[in-house]
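Subject: Structure handover

Hello,

My notes on it follow below.

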Amino acid sequence: MTRRAGLRRFVGPAEVAPASPRPSHPVQDGCELCAQPTGAWHGHVVDTEHRSILCTCRACFLLFTSPEAGGGRYRAVPDRYLHDDERPLTKAEWEGLGIPVGAAFLLRGDGGTTAFYPSPAGATECLLNLEALAELAAAHPLLAAAEPEVEAILIHATEDQVEAYLVPVDVCYRLVGTVRMYWKGFDGGQEAHEHIDGFFAGVRSAARRFGVEG
Ligand SMILES: [Zn+2]
Ligand SMILES: [Zn+2]
């Protein structure tokens, strides 16, 4: 299954320095909830019914930020990036999840946790070893700390390390957009890998230590 909803606007030439994981694409048609112009700043709200991401003005964003809005259809995407360098994932733990590629994000919804990986076709759902995940989350509390629907656990496995971050969910779709835009052939090609590396460098520099935020 491929999830394409809400992705369109995340695909395109990078309008921000590749080092920034934050979305800063322009909004042409105004807030997608109230149709007012958004101005220079806009936020993202997840429509949990359609699992799509809406660009909204500040007023609408704040409306769906309050704790009471937490379980509703529309939920504002928070802006926190966390990592836990005291309890890094090992290569063996990552492999135990059964995800066949080097980068994936885990999204918790009402129906449980789903894993997606960025592919040239979009965000592609992959099977996840849920038992292994539950075991892993006991040892790595960061993995269980994402807010349902609006935050994700983004994992990047390379030759020598496994990085795991809690990120705003729209950031994952930016990664998906980057892969769609630049991936060529079987291995992606140099340009794609430069953009992906730049993306993760941005996430890394934005991330604060899990457990000491606030
Ligand atoms: Zn609005
Ligand atoms: Zn937007």
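To start with one residue: does Ile155 count as buried or exposed? Ile155 counts as buried, because its relative accessibility is 1%, and the cut-off for buried is under 20%. Please keep in mind that this is a predicted model.

**Around Ile155**

Ile155 sits in strand β9, which covers residues 151-157. Its contacts, leaving aside neighbours within four places in sequence, fall on several stretches of chain. They are Leu89, Trp94 and Leu97, then Gly102, Ala103, Ala104 and Leu106, and finally Val162, Glu163 and Ala164. Phe105 is also worth a look. It is 50 residues from Ile155 along the chain, yet the two C-alpha atoms are separated by 6.0 Å.

**The protein overall**

The protein has 214 residues, and 46% of them are buried. Its secondary structure comes to 5 helices and 11 strands. Take the contacts with a sequence separation of 6 or more: 62% of them join residues 24 or more positions apart.

**Helices α4 and α5**

Helix α4 spans residues 169-182 and helix α5 spans residues 189-206. Their axes come within 9 Å and cross at roughly 165 degrees. The angle is over 145 degrees, so α4 is roughly antiparallel to α5. The crossing is right-handed.

On the α4 side, the contact is made by Val171, Arg174, Leu175, Thr178, Val179 and Tyr182. On the α5 side, Glu191, Ala192, His195, Ile196, Phe199, Phe200 and Val203 take part. By class, this contact has 9 nonpolar, 2 polar and 2 charged residues.

- Ala35 is exposed, because its relative accessible area of 57% is over the 50% cut-off.
- Arg51 is partly exposed, with a relative accessible area of 24%.

That is the set of notes for now.

Best wishes

Terms used:
Residues are numbered from 1 along each chain as its sequence is written. Chains are lettered from A and ligands numbered from 1 in the order in which they are written. This is a predicted model: local features need pLDDT of at least 70, side-chain atom pairs count only at pLDDT 80 or more; totals for chains, interfaces and linings use all residues. Side-chain values use heavy atoms; hydrogens and water are left out. Axes are lines fitted to C-alpha atoms, for helices over the stretch in contact, and angles run from 0 to 180 degrees between N-to-C directions. Helices (H or I, at least four residues) and strands (E, at least two) are DSSP runs, numbered from the N terminus. Angles under 35 degrees count as roughly parallel, over 145 as roughly antiparallel, 65 to 115 as roughly perpendicular and the rest as oblique. A crossing is left-handed if the near helix is turned anticlockwise from the far one by less than a right angle, and right-handed if clockwise. Contact means heavy atoms within 4.5 Å. Ala, Val, Leu, Ile, Met, Phe, Trp, Tyr, Cys and Pro count as nonpolar, Asp, Glu, Lys and Arg as charged, and the others, Gly among them, as polar. Buried means under 20% relative accessible area, exposed over 50%, partly exposed in between (1.4 Å probe, protein chains only).
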